[in-house]
Amino acid sequence: MAKSILIGIDAGTTVLKACAFEEGSGRLLSQAAKRLPCDSPVPGASEQSPTLLLRSLYASLNQLRRELGVRWREVRAVGLASQAGSSMLVHRETGAAQTPLVLWNDSRAIADAAQIQQRKPPSFWRTNVGNPIAPAGLGRLAQFQAKQPELFTNDYLHVGAGEYLFFHLTGHWRQDAGHAAQATGLNAPKNQIPPAVLDLLGLTCSFFAPLRRGHETTPLRTLTANKLGLPQGLPVAGPYFDQEASYLAATGPLEHPLQCSLGTSWVGNFRLPAGVRAASPFCIKVPSPIEDGLLMVLPLFAGNAAWDWALQTFVCKNIHTAVKKASALFEQALLPCNGLVALPWLTQPNPFPPHQPGAGLFTGLSTLSTGADMLRAVAAGLAFELWRTLESAAKCGHLDGVALCGGAGKSWYIPQIIAALFESIPVHLLEDPGSAASRGAVYAFSPKTASAKLLPAGKPAQSQQDAIRFAYETYRTVFEQAYGRLPEAQPFSIQTT
């Protein structure tokens, strides 16, 4: 007898992916992916078309429908995960978009967010949002207010990509805690948007979608069911923060994972039990989707934007060709020549001439330095930055393994460098790293189906492990001298008192 099918959707920053999983076995039956182009009409802008986002959702689901054929009738539930922190204004009743979707990595509102932050002391922000820094989304809200004040009435709503897609699936508005934390701020222990923060912009909670509670589900609306050829009332779970969903995918094989998404931005996701105090300048804290405590979502200031740049600059302009050629270069040597260090903060503002783009650095360059060595230095720098930021979490005793997914996790060399650094806990790779968030999105219906299969990352020879740790110490010394004074450079830390 055929088993039921669960559909998981992951609306990422640059790709929307839909996956069909066989319930119980978790076997990936089919997947469809659609690119989501980003527009940059002015410097610093990063926007998407809501129409294209919605069209990509339906196109992906219809592709699954064609590929599954008669098995499409076996679909029994849908789960949705999405990138969080993006902003758009929509009509409350119809869901019609009134603005472009301004993405979470849009930098135009940084100054506005800083001005809002300065209205209150750090203690206000720590009390209300768990960090001393105001959420970037407040700056985008302020810009919307200045440009389109007519949209700030009861007829409209502020949402992100997850809420927008969830509404068009179900006819109901709902947001995940990860989105709220970045868009307005979140009191994570209470799972509540803090009214005191909204007061700073003259807004109330009614201008935002209600927060999702646990793993609650909502029926698929009739219009969408008819369009997709699915039964009316099919349960839909979500929206989940994509990092939250990826974490859920790792919680089957590991009881308490440190799940690391090596994507556009590298992110570490892990749960801390209630009562454990931690400090970090940019940690997103949300209620844990399983057990008690909080889920820590820790974005790094480095990721595949830096890695793609290195591949295209030092190997080949064609990124696919560069990826293939890079493997051979790492076969020759895993690390750069001694003393060559790359700090991969390419997407951060330059702290030396303030307000200029680019905080990336190379040190130790000589006339003997090659493009291959500089590529290896960037790869090592990304792994070193992951360890520098998350060392305290890895050693806290609450985690039992690392699970890697995302683009850079598909290589063999970057995971090996990471495995050599995280020597105190084992490092694993997701068997199908590209489906982690889609898989985790079906957790509400079947934790077993949502559980990803893990493979050991493998470690290089002992001599190579020693060389990696020695190179890390050089990296840390350079980092401290260059950026150690910056508050945002402080790593995550467990507070013992």
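Let me start with Q175, which is in contact with E163, A180, I193, F208, A209, P210, L211, R212 and P239, leaving aside neighbours within four places in sequence. Contact here means heavy atoms within 4.5 Å. Q175 lies in the loop between α5 (161-170) and α6 (177-183). Helices are DSSP runs of H or I with at least four residues, strands are runs of E with at least two, and both are numbered from the N terminus. With a relative accessibility of 2%, Q175 counts as buried; that word means under 20% relative accessible area, with a 1.4 Å probe and protein chains only.

A word on the source. This is a predicted model, in which local features need pLDDT of at least 70 and side-chain atom pairs count only at pLDDT 80 or more, while totals for chains, interfaces and linings use all residues. Residues are numbered from 1 along each chain as its sequence is written, and side-chain values use heavy atoms, leaving out hydrogens and water.

One of the contacts of Q175 is R212. R212 sits in the loop between α7 (195-199) and β9 (217-219). Is R212 buried or exposed? R212 is buried, at 9% relative accessible area. Not counting residues up to four places away in sequence, R212 touches R174, Q175, D176, N191, G238, P239, Y240 and E244. The side chains of R212 and E244 are joined by a polar contact of 2.7 Å. A polar contact is a pair of N or O atoms within 3.5 Å; within protein, one must be able to donate a hydrogen and the other to accept it, and residues adjacent in sequence count only if both atoms are side-chain atoms. The R212 side chain also reaches the backbone oxygen of P239, at 3.0 Å.

Next, the nonpolar cores. A nonpolar core is a set of buried Ala, Val, Leu, Ile, Met, Phe, Trp, Tyr and Cys residues joined through side-chain atoms within 4.5 Å. The largest has 120 residues, and those with the most contacts inside it are W307, I418 and F422. Its largest share, 15 residues, comes from α12. A second, separate core of 40 residues includes L36, V159, L230 and V236.

Last, a helix pair. The axes of α10 (residues 304-314) and α12 (residues 371-394) come within 9 Å and cross at roughly 175 degrees. Axes are lines fitted to C-alpha atoms, for helices over the stretch in contact, and angles run from 0 to 180 degrees between N-to-C directions. The two helices α10 and α12 are therefore roughly antiparallel, the term for angles over 145 degrees.

Key. Parallel < 35°, antiparallel > 145°, perpendicular 65-115°, else oblique. Buried < 20%, exposed > 50% of the residue type's maximum accessible area, 1.4 Å probe, protein only.
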